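Trainee: Please take one part of this model and go through it closely. I would like the helix packing described first, and then the pocket.

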Amino acid sequence: MDVSLANFIQQVFSNPALFVTTLLTLGVIFVNGWTDAPNAIATCVTTRCMRVRSAVIMAAIFNFLGVFIMTQLNAYVASTISNMVDFGGDTNAALIALCAALFSIVVYSVGASLLGIPTSESHSLIAGLSGAAIAIQGGIGGINMDEWVKVLYGLVASLLFGFAIGWLVCKVVTLICAGMDRRRTNGFFTYAQIVGAAAMSFMHGAQDGQKFIGVLFLGMAFCNGQPSVVGVMIPVWLMILCSTIMGVGTSVGGERIIKSVGQDMVKLEKYQGFSADLSSALCLLVMTVLGIPVSTTHTKTSAIMGVGAVRRISAINFGVVRDMMLTWVFTFPGCGLISFVMAKLFMVVF
């Protein structure tokens, strides 16, 4: 399979389905960098360790590095996304179905936003791919359950593991610093939290960037007549392209999201912000190495809740937990159904 940049450009402009798939994928990556990446720096900004603009620039740089470096070292998340569904042997129909899956993500996200239903691009992507695969294969035979079960692990891990590690890290930090001068520790945690936010931004890129690299790589395979990407190396230019788009999206900012995650959920001090950033970055690192796709937003919010629980359970805004549950309840069947219908429609029209 020819995965050179020159061949890709030629195919994009000669194949309408690949053109739309590429456009939608890059668009979703941009939006992900815009809306999800600010979660990584939210606590760092709201505890006044960094100014918003400086934090956004840092996040953009480390998002780029996360996508680029981690995909070269460990592309298991991209592999999981690419191999979790089977679109069959007809690669032309498969590319049309993939295009429909991405289009359904946009439709669902817009509709959910208008209805006030919380969304996750990661979960929408997984649901969209699954719905399209079921449509083209005529049943659940289009789902690779060995890979899809990792999604279920991710749902549990993003909540329980994020909360547990957040609580544990914050508890250890509290015990270590119990007898120390508060002014000295605040000075230390100001810089430590900047490092933690950078690590969180890096892991956000590693997780979310890989998900969409996997989708675009799958589209390239279909266009080349390959039913899967097993055994094919992801080209460096694709990593650079996706990481750049995510970095640009992050640079747009997201002050409202920063306020929502960093302040509305639970009021944090500097040591707590550091604990939340470190624990969520650790959780994402473990999930990425294992090839388990998780929602970076849910992981970070779970870690923040774990940190808040060290002080007292009542410090947590449990409305956030409700929103996470609603995301799971609505996104998988909702986006999956839209993708199923869109795939059937696209295959008839095109």
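**Packing around helix H10**

Mentor: In this predicted model, helix H2 (residues 16–35) and helix H10 (residues 236–251) have axes that come within 6 Å and cross at roughly 45°. Angles from 65 to 115 degrees would count as roughly perpendicular and those under 35 as roughly parallel, so H2 is oblique to H10. The handedness of this crossing is right-handed. On the H2 side the contact is made by Leu26, Ile29, Phe30, Asn32, Gly33 and Trp34. Their partners in H10 are Leu241, Cys242, Ile245, Met246, Val248, Gly249 and Thr250. Sorted by class, the contact of H2 with H10 holds nine nonpolar and four polar residues, and no charged ones.

H10 also packs against H4, with the axes 8 Å apart and an angle of about 160°. Because angles over 145 degrees count as roughly antiparallel, H4 is given that description relative to H10. H4 passes H10 in a right-handed crossing. The H4 residues in this contact are Arg53, Val56, Ala59, Ala60, Asn63, Phe64, Val67, Phe68, Thr71 and Gln72. From H10 come Val236, Met239, Ile240, Ser243, Thr244, Met246, Gly247, Thr250 and Ser251. By class, the contact of H4 with H10 divides into ten nonpolar residues, eight polar and one charged.

H4 leads on to the pocket. Helix H4 (52–73) and helix H5 (76–83) each supply at least two residues of the lining of the second largest pocket. The largest share of that lining, four residues, comes from H5. In total the second largest pocket is lined by 15 residues, and its volume is about 250 Å³. Nearest the centre of this pocket lie Ala75, Ser79, Val232, Met233 and Ile234. The lining of the second largest pocket has nine nonpolar and six polar residues, with no charged residue.

The axes of helix H9 (residues 182–223) and helix H12 (residues 270–289) come within 7 Å and cross at roughly 25°. The cut-off for roughly parallel is under 35 degrees, so H9 is roughly parallel to H12. The crossing of H9 and H12 is left-handed, whereas H2 and H10 cross in the right-handed sense. In the contact of H9 with H12 there are 13 nonpolar, ten polar and three charged residues.

Terms used:
Residues numbered from 1 in each chain as written. Predicted model: local features only at pLDDT ≥ 70, side-chain atom pairs only at ≥ 80, totals over all residues. Heavy atoms only, no water. Axes fitted to C-alpha atoms, helices over the stretch in contact; angles between N-to-C directions. Left-handed = near helix turned anticlockwise from the far one by under 90°. Contact = heavy atoms within 4.5 Å. Nonpolar A, V, L, I, M, F, W, Y, C, P; charged D, E, K, R; others polar. 1 Å grid on protein atoms, 1.4 Å probe; cavity = no way out; pocket = protein on both sides within 12 Å on 5 of 7 lines; lining within 4 Å. Points joined across faces, edges and corners; volume = space filled by probe spheres on them.
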